[in-house]
Amino acid sequence: MKQKQYAVLGLGRFGGSIATSLYNMGHEVLAIDINEDKVQAYSNAVSQAVQADSTDEKALKALGIRNFSVVVVAIGQDIQASIMASLIVKEMGVKHIVVKAQNDLHGKVLEKIGVDRVVFPERDMGARVAHNLLSPNIIDFIELSPEYSILEFVATKSMVGKSLIELNIRAKYGINIMAIKSGKNKINVAPMATDVVQEDDVLVVVGHKEDLKVFEGKMA
Ligand code: ADP
């Protein structure tokens with residue numbers, strides 16, 4: 001895998017986690033925070049940790065932010081600083097910009113600026129946990145668009161021993177089985193109608209939110 005260079009602006013819980021995860025995956029990570037204590041705390045967890053104000057264009061230029069493959073703006077609470085930093089890195093011509101948004105309006109402004117991806121970590125994680133609370137079988141829920149989502153769940157007792165054609169999930173609920181995971185490492189990414197669901201198999205389905213809601217309701 002080609003090593004990429006990442007810059008993370010803001011070392012709160014979200015930015016700090018992104019920076020250390022990328023570094024542990026073998027990438028070069030420059031981490032920036034206005035708070036010297038944060039910079040100290042991350043000095044051994046990333047390639048380079050620097051104290052700087054991300055709304056200071058000169059400071060970002062001096063750090064060569066323009067040359068990074070990806071810039072993550074992870075300043076959450078201070079919305080004004082987040083917007084200013086996003087605008088500066090966008091104007092510098094950074095190829096890929098990801099920004100954490102605090103709320104919908106913040107997200108809309110970021111989209112207008114033209115950042116490549118806006119993330120809502122608290123909102124998305126809240127939705128994932130809520131789906132898991134609905135049924136212990138549900139492992140994960142990933143929103144693909146406002147209309148479509150992916151659901152990952154452990155096969156229920158009533159599904160075990162049945163083939164996909166017998167389960168007939170597509171006809172009954174209008175959702176598609178994309179993959180079946182069995183054991184630790186086995187994953188069938190092209191499941192066939194004749195494949196039989198085993199105990200502890202994990203099914204990954206994609207579908208319209210409304211259809212998934214009906215399907216989840218049956219599992220609850
Ligand atoms: P989280 O909710 O992920 O913990 P926070 O908003 O609490 O996010 O943390 C954001 C981080 O960004 C803090 O460590 C803060 O010091 C830093 N920060 C805030 N403003 C700036 C700025 N202008 N430049 C650089 N870092 C900043």
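This is a predicted model: local features need pLDDT of at least 70, side-chain atom pairs count only at pLDDT 80 or more; totals for chains, interfaces and linings use all residues.
The protein is divided into two parts, with domain 1 spanning residues 5-119 and domain 2 spanning residues 124-219. Taken over C-alpha atoms, the centres of domain 1 and domain 2 are separated by 35 Å.

We may turn to the ligand. The shell around the ligand holds 21 residues, of which Gly10, Gly12, Phe14, Ser54 and Gly76 come nearest. Two elements give two or more residues to this shell, namely helix H1 (13-24) and strand S2 (28-33). The largest share comes from H1, which supplies 3 residues. Sorted by class, the shell comprises 8 nonpolar residues and 8 polar ones, together with 5 that are charged.

Next comes the sheet. Five strands form an open sheet in the order S7-S8-S11-S9-S10, and their pairing is antiparallel. At the edges of this sheet are strand S7 (138-143) and strand S10 (186-188), each of which pairs on one side only. From one strand to the next, the twist averages 15°. In general, the strands of a sheet pair through backbone hydrogen bonds, in either a parallel or an antiparallel manner. Here, strand S9 (residues 176-182) is joined to strand S11 (residues 202-208) in the antiparallel sense, over 5 bridges. For a reader who wishes to find this pairing in the model, Ile177 is a handy place to look, with Val205 of S11 as its bridge partner.

A helix accompanies these strands. Helix H9 (residues 209-219) lies across S7, strand S8 (148-154) and S11. Relative to S11, helix H9 runs at about 140°.

Asn168 has a phi near 55°, a positive value in a residue other than glycine. Its place is in the loop between helix H7 (164-167) and helix H8 (169-173). Is Asn168 buried or exposed? Asn168 counts as exposed because 12 other C-beta atoms lie within 10 Å, and the cut-off for an exposed residue is 12 or fewer.

Asp200 also has a positive phi in a residue other than glycine, with a value near 70°. Asp200 is found in the loop between S10 and S11, and S10 is an edge strand of the sheet described above. With 11 other C-beta atoms within 10 Å, Asp200 is exposed.

Notes
Residues are numbered from 1 along each chain as its sequence is written. A residue is near a molecule or strand if its C-beta atom, placed from the backbone, lies within 6 Å of it. Helices (H or I, at least four residues) and strands (E, at least two) are DSSP runs, numbered from the N terminus. Ala, Val, Leu, Ile, Met, Phe, Trp, Tyr, Cys and Pro count as nonpolar, Asp, Glu, Lys and Arg as charged, and the others, Gly among them, as polar. Two strands pair if DSSP finds at least two bridges between them. Axes are lines fitted to C-alpha atoms, for helices over the stretch in contact, and angles run from 0 to 180 degrees between N-to-C directions. Two residues are in contact if their C-beta atoms, placed from the backbone, lie within 7 Å. Domain bounds come from an automatic or database domain assignment. A residue is buried if 20 or more other C-beta atoms lie within 10 Å of its own, exposed if 12 or fewer, and partly exposed in between; C-beta atoms are placed from the backbone.
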